[in-house]
Amino acid sequence: MPRLVWFRQDLRIADNPALAAAAEGPLLCVYVLDDAAAGRWAHGGAQRWWLHHSLAALERALAARGAALHLARGSAREIIPRLAAAIGAGEVHAGRLTEPWARARDEAVHRALEAEGRRLVLHTSSLLHEPHRIRTGQGRPYSVYTPFARALFALGEPPPPLPAPARLLPAPGAPEGLPLAALGLIPAPPIPEWWREFPAHWTPGEAGAAERLARFARAALPAYGARRNTPGVEGTSGLSPHLRFGELSPRQVWHAARAAGARGEDAFLKEILWREFAHHLLWHRPDMPEQPLQQGFARFPWRPDAALLRAWRRGRTGYPIVDAGMRQLWRMGWMHNRVRMIAGSLLVKHLLQPWQEGAAWFWDTLLDGDLASNSASWQWVAGCGADAAPYFRVFNPVLQGEKFDTDGAYVRRWVPELARLPDRFLHKPWEAPEAVLRAAGVALGRDYPRPVIQHGEGRARALAAYAALRGAAEAA
Ligand SMILES: Cc1cc2nc3c(=O)[nH]c(=O)nc-3n(C[C@H](O)[C@H](O)[C@H](O)COP(=O)(O)OP(=O)(O)OC[C@H]3O[C@@H](n4cnc5c(N)ncnc54)[C@H](O)[C@@H]3O)c2cc1C
């Protein structure tokens, strides 16, 4: 009997359990762009660029094995059952998703298929473990990372990745899908091509992902522990967009890291488990993208301010490490993790802007924008999430810059107007004597902004807001 494979966040053919389960007989491979179901969590702008190219790569990979990718746009609740009926499929295979909107949609598709005697079969595809299977000794979900990670390591090694099917047999009777361009993922002019630098940094698709993984395992993994916090070097894997779209499975990454020498509770594998943890949290707290996990923060006295938010988004806060990160994000669609934390902290603490605003900007501009990781990380930065850094710990953006970008390579690359400043003043140009500024060709307030707020003042404001929140909670 024919089967339908519904690709969602596993745009690959190797180690794809949904595809493997269907590949024994005739099949129809389908991708549905369903913006209405995702609502405000429809792919952001940068993700759409990636998705376009990733689907193109998947189309080519499937075609090389004899199958087409049927593309559709609209409600998957209607399209999937209709296509399953058109080819007479008994089963629809897909990878399990954790986003609340996707879970609701899967439930609806399941019911619609069942009503016609068909089945929706969900596989463990995007994660190492199903979030609902991992429980504490008391049978509850985890809310702290370290015991969660310990429990996952104790489960032993994940199963080895599945090979890509050699040949695929198309199901007869499949209707024509849309051409990729009809999905409209890449905005047409007059929208400016803000993504024009992306191809210099990234190759979406399974082959690009495998290439990047091999490069990382060879070059950066051995020194990952020492270099992962230095944004000026390629010290991390850069695999996040590939993982986000499932061009690689976490099992493949895990086993490649082991083969390249990652032993025991290796630092890199622990990062892979942060991703698992974020999805575990989202599964059990579907309100995480909107609401603080720590309820007390719901009444935090934010001070929304459009001008401050704009300065942060554009990389014009006057703090070089933050501005470098925000500009890297815009031009590359990605930001180094350490700088995400520093930039996020400035927004929510010094500037008192709601973390949801930061998360929304990241959602639109990150190629790796992932609902679970983005919401969990923003809540972590804001101090209101699971296992978060306490709110009263306020990063000093100057000291952070000096510590992690000591030689200034990162700031000089992304904030070139400061490139000629000596290291001593690079992270605090406002302290440079006039003659030093002049020699470096910098006029503060003209070429580069003065800080939007002084660190001491920002820190005091953040702590006062936190004290007010606690005072209100105690009085209640
Ligand atoms: C405010 C903020 C927002 C973030 N938003 C996202 C997001 O939308 N999508 C996203 O994938 N990551 C997000 N992260 C986590 C992290 O910054 C990125 O995963 C990482 O920078 C990706 O680069 P890499 O692939 O080189 O990471 P590596 O250091 O090579 O890590 C390997 C993989 O582990 C996973 N990972 C690493 N750190 C984390 C983490 N803290 N949480 C969850 N997974 C992690 C990623 O899949 C990553 O590709 C966010 C972090 C912060 C502080």
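## Contacts, domains and a few residues to look up

Let's start with Arg 316, which touches Ala 311, Asp 323, Arg 327, Glu 417, Arg 446, Asp 447, Pro 449 and Val 452, leaving out residues up to four places away in sequence. Keep in mind as you look around that this is a predicted model.

Where does Arg 316 sit? Find the loop between α13 (306–313) and α14 (320–332), and you have found the place of Arg 316. Arg 316 counts as partly exposed, because its relative accessibility is 35%, and partly exposed covers the range between under 20% (buried) and over 50% (exposed).

Now zoom out to the whole protein. The domain assignment gives domain 1 (1–126), domain 2 (127–160 + 206–284) and domain 3 (295–471). Notice that domain 2 is written as two stretches, 127–160 and 206–284.

How do domain 1 and domain 2 meet? On the domain 1 side, 23 residues are in contact with 22 residues of domain 2. The centres of domain 1 and domain 2, taken over C-alpha atoms, are 24 Å apart. The size of an interface is often given as the accessible area lost when the parts come together. For domain 1 and domain 2 the buried area is about 2100 Å², with 49% of it on carbon and sulfur atoms. Trp 50, Thr 98 and Thr 124 stand out here: they supply 30% of the area that domain 1 buries against domain 2, more than any other three residues.

There are polar links across this interface too. The rule finds two salt bridges between domain 1 and domain 2, and it also finds 17 residue pairs in polar contact there. Which elements of domain 1 supply the side that touches domain 2? Helices α3 and α5 (100–115) each bring at least two residues to that side. The largest share comes from α3, with four residues. Sorted by class, the side of domain 1 that touches domain 2 has eight nonpolar, nine polar and six charged residues.

While you are at α3, look for Ser 54, which is in this helix (residues 45–64). Is Ser 54 buried or exposed? Its relative accessible area is 0%, so Ser 54 is buried. Not counting residues up to four places away in sequence, Ser 54 touches Leu 11, Pro 204, Gly 205, Phe 245 and Glu 247.

Asp 15 is another one to look up. The side chains of Arg 251 and Asp 15 meet in a salt bridge, with 2.9 Å from N to O. Asp 15 is found in the loop between β1 (3–7) and α1 (17–22). This residue counts as buried because its relative accessibility is 0%.

What about the backbone? Asp 15 has a positive phi, near 45°, in a residue other than glycine. Leu 352 has a positive phi as well, near 55°, and is likewise a residue other than glycine. You'll find Leu 352 in the loop between α15 (337–350) and α16 (355–365). Leu 352 is buried, since its relative accessible area is 1%.

| Residue | Relative accessible area | Class |
|---|---|---|
| Ser 54 | 0% | buried |
| Asp 15 | 0% | buried |
| Leu 352 | 1% | buried |
| Arg 316 | 35% | partly exposed |

Key: Residues numbered from 1 in each chain as written. Predicted model: local features only at pLDDT ≥ 70, side-chain atom pairs only at ≥ 80, totals over all residues. Heavy atoms only, no water. Buried < 20%, exposed > 50% of the residue type's maximum accessible area, 1.4 Å probe, protein only. Contact = heavy atoms within 4.5 Å. Domains from an automatic or database assignment. Buried area = accessible area lost by both parts, 1.4 Å probe. Salt bridge = Lys/Arg side-chain N within 4 Å of Asp/Glu carboxyl O. Polar contact = N/O pair within 3.5 Å; in protein donor to acceptor, adjacent residues only side chain to side chain. Nonpolar A, V, L, I, M, F, W, Y, C, P; charged D, E, K, R; others polar.
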